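Dear colleague,

I am passing on the structure we spoke of, and below it you will find my notes on what came out of the analysis. Please read them with the model open beside you.

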Amino acid sequence: MPAVGMGTALPIPVPHEVTKDAVLAAIELGFRHLDTAAMYGTEGPVGEAVADAVRRGLLRSREEVFVTSKLWCTTCHPELVLPSLRETLLKLQMEYVDLYLIHWPVCMKPGPITWPAKREDAVPFDFEGVWLAMEECHRLGLAKAIGVSNFTTRHLERVMSVATITPAVNQVELNPVWQQRTLRAYCAEKGIHVAAYSPLGGQNWNGSGEANAVLESEVLSEIAQARGKTVAQGYGIFIENDWANASLLGNLALVFCCITLFLHILLLFKMHQISLRWIHEQGVTWIVKSYNKGRLKQNIDIFGWELTEEDRLKISQIPQRKFVTAIALFSPEGEFTSVDLSEMDIVEE
Ligand code: A2P
């Protein structure tokens, strides 16, 4: 699985063409891992962008991209898994997905995808039946790999107890503010790869306008600033030396240094890159959402440098907080009549 991916879940729907153009831009920039889901309504434009990229020669073939899609809660019923994947493939205009995930350890009555869902529509999750149907999708060659999303160790235990194929991936909320230490240790032991969504703290799904805990983290900001300073000091030495024997060449070098220094501070060590780099160094694949070409470019630019031990230590001490919850899938009104919410919304630090 590629180490970095582009996400297409957005808090508000955008026109089809907007997603298609953003995905094409991402492919052009070098992204080879595209994340979609039945829930996002972006399978169509993702598929079109890939087909277009092949036509334009940006990709030699569809095989060059890794495409993930997800089974929505309303189809988490054994008999609906395969038809749901077939529908996904139809929208993607593809013969297979590289990875098919159970989107949530939450099951809702069959029906159209709605958000928020009615609390009364939550029904018990048949982990065994659904996972075995996922395995069938894999056997049929329609999903090269199968996995889960938003599963805690307790949900994984239930799948593992019936699985003949271990989930390849668990895609979860993960970033320096919610590091998922327990889950990562469990997944490492079981050979399940972890992928991170909300690597930059997410998109304010609940509309509360609350500050983004990752992009506004003081610790990450300090690390980013310190890195800027390190670069600045390096240039400082160079500038001092050139200043001493000021000549036309020296002055030109000085101007060059100042511009490069400015660009380094401005572009290189932004907080989001500290977060993405940290996730990458943990061996976790990240999936970041942005349809902005400049940001897509910045986000993929996290290679060729490393965090220091001190940076890692500081990040390990950031107070932990989870933002994404299963209850947010449901309307605040109504009652859960046949499921226990505490079975769905488990918090494991
Ligand atoms: P936008 O979509 O306006 O580019 P996450 O992937 O953690 O859910 O975070 C996605 C959020 O982070 C989006 O709101 C996105 O904004 C923003 N974002 C993505 N890349 C960057 C970046 N390079 N710099 C700042 N914000 C970014």
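Helices (H or I, at least four residues) and strands (E, at least two) are DSSP runs, numbered from the N terminus. This is a predicted model, in which local features need pLDDT of at least 70 and side-chain atom pairs count only at pLDDT 80 or more, while totals for chains, interfaces and linings use all residues. Residues are numbered from 1 along each chain as its sequence is written, and side-chain values use heavy atoms, with hydrogens and water left out.

I begin with the backbone. In the loop between β5 (107–108) and β6 (122–123) lies Pro116, which is joined to Trp115 by a cis peptide bond with omega at about 0 degrees. Gln93 sits in the loop between α3 (78–92) and β4 (97–102), whereas Asn150 belongs to the loop between β7 (143–149) and α5 (153–160). Taking buried as under 20% relative accessible area, exposed as over 50% and partly exposed as in between (1.4 Å probe, protein chains only), Gln93 is exposed at 56%, while Asn150 is buried at 11%.

Next comes the interior. A nonpolar core here is a set of buried Ala, Val, Leu, Ile, Met, Phe, Trp, Tyr and Cys residues joined through side-chain atoms within 4.5 Å. The largest such core has 71 residues, and of these Ile102 and Trp286 touch the most other members. Helix α4 (residues 127–139) gives the most to this core, contributing six residues. Apart from it lies another core, of 15 residues, which includes Cys73, Ala117, Ala122 and Leu329. With contact taken as heavy atoms within 4.5 Å, and leaving aside residues up to four places away in sequence, Ile102 touches several residues, among them Leu71, Phe125, Trp131 and Phe151.

Finally, the ligand. Counting a residue as near if one of its heavy atoms lies within 4 Å, 14 residues surround the ligand, the closest being Leu200, Lys289, Ser290, Arg295 and Asn299. A ligand nitrogen is 3.1 Å from an N or O atom in the side chain of Gln298, and a polar side-chain atom of Asn299 lies 2.8 Å from a nitrogen atom of the ligand.

With best regards

Definitions and conventions: A polar contact is a pair of N or O atoms within 3.5 Å; within protein, one must be able to donate a hydrogen and the other to accept it, and residues adjacent in sequence count only if both atoms are side-chain atoms.
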